Amino acid sequence: MRLFSHYEELFSGDIGEVPGEKVHLELKPNAKPYSAPAYSIPQAFYQTAKDEIKELVKKRVLIKNVRTAWASPSFFRPKKNCGVRFVSELRKFNEQLVRRPFPLPNIEDVIWKMNGFTFATCLDLNRGYIYFVLDSESQKLCGIVLPWGNHAYRCLPQGCVVAIDVFQYKMIMIFSIFEDIIVYIDNILLYTKKTFKHHLQRLALVLEKLKRNNLHVHVEETFLASQKVDYLGYTLTPAGIEPQVKKILPILRFYQPANKK
């Protein structure tokens, strides 16, 4: 417990900024600025939507009142907790960007590497992409339009076609010194094949790396020092893989046939 109390701020739900070079988005040759009219917002959650944007500006995810030739439309989806999910429609903008794909881990390789592990910790980053700040030129490219004015993303936006490439590359660079870590976008998996004490020692190094890079963890999606962990659609154990219970529940609950028909 002393280990986690020392890194309590990592689990606070805050959003940090990874230090170092800012992200630059590259346009295709002859790319033309794209702008669209604002989508209307249902009156039922109009004020909630405005409050969400204010909060994103406060957290420095968005910059308000930006004058730019690029303006993608955005909309809001209601959530079960009476809040709203903010989504930007970036498909037209994505068509203008140059991608530099970076490989993601293959689940078969993950299973092979983890064969016979004793303990595993799975850390899910809180709101992953926005840890990486865009340079000033790229921020103007990521303009969005709302009914009450224009804003721009200050950080790498969700839905941007190059976001997954940039994020995976940056995360690999941060954790490249670890041989017992698997990074899949915003999901960090630490596995060890020795004692519980050894696992905690390795976990302390990982948490310190997170702290130095201002990366925070989503508590509800995190498994700590476990012998069974859900990862990339599988339940991983020292003996091998198991199907995830939530995926086979409909089959387990299926009623027994009573007749041939």
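Lysine 79 is partly exposed because its relative accessibility is 34%, where partly exposed lies between buried (under 20% relative accessible area) and exposed (over 50%), with a 1.4 Å probe and protein chains only. The model is predicted: local features need pLDDT of at least 70, side-chain atom pairs count only at pLDDT 80 or more, and totals for chains, interfaces and linings use all residues. Residues are numbered from 1 along each chain as its sequence is written, and side-chain values use heavy atoms, leaving out hydrogens and water.

Lysine 79 sits in the loop between β2 (72-78) and β3 (84-88). Helices (H or I, at least four residues) and strands (E, at least two) are DSSP runs, numbered from the N terminus.

The chain holds 8 helices and 12 strands. Its C-alpha atoms fill a box of roughly 60 × 55 × 40 Å along the principal axes. Of the 261 residues, 43% are buried.

Salt bridges number 9, each a side-chain nitrogen of Lys or Arg within 4 Å of a carboxyl oxygen of Asp or Glu. One of them pairs arginine 99 with aspartate 165 at 2.7 Å, N to O. Arginine 99 lies in the loop between α3 (91-94) and α4 (107-113) and aspartate 165 in helix α6 (residues 163-174), so the pair ties together parts 66 residues apart in sequence. Arginine 99 is partly exposed at 41% relative accessible area. Aspartate 165, at 5%, is buried.

Arginine 202 and aspartate 180 form another salt bridge, with their closest N and O atoms 2.8 Å apart. This pair links distant parts of the chain, 22 residues apart: arginine 202 is in helix α7 (residues 196-212), and aspartate 180 is in the loop between α6 and β7 (181-184). Arginine 202 is partly exposed at 21%. Aspartate 180 is buried at 12%.

Glutamate 208 and arginine 212 also form a salt bridge, at 3.2 Å between the closest N and O atoms. Both lie in helix α7, 4 residues apart, about one turn of the helix. Glutamate 208 is partly exposed at 23%, and arginine 212 is exposed at 62%. Elsewhere, a network of salt bridges links Glu17, Arg60 and Arg154.
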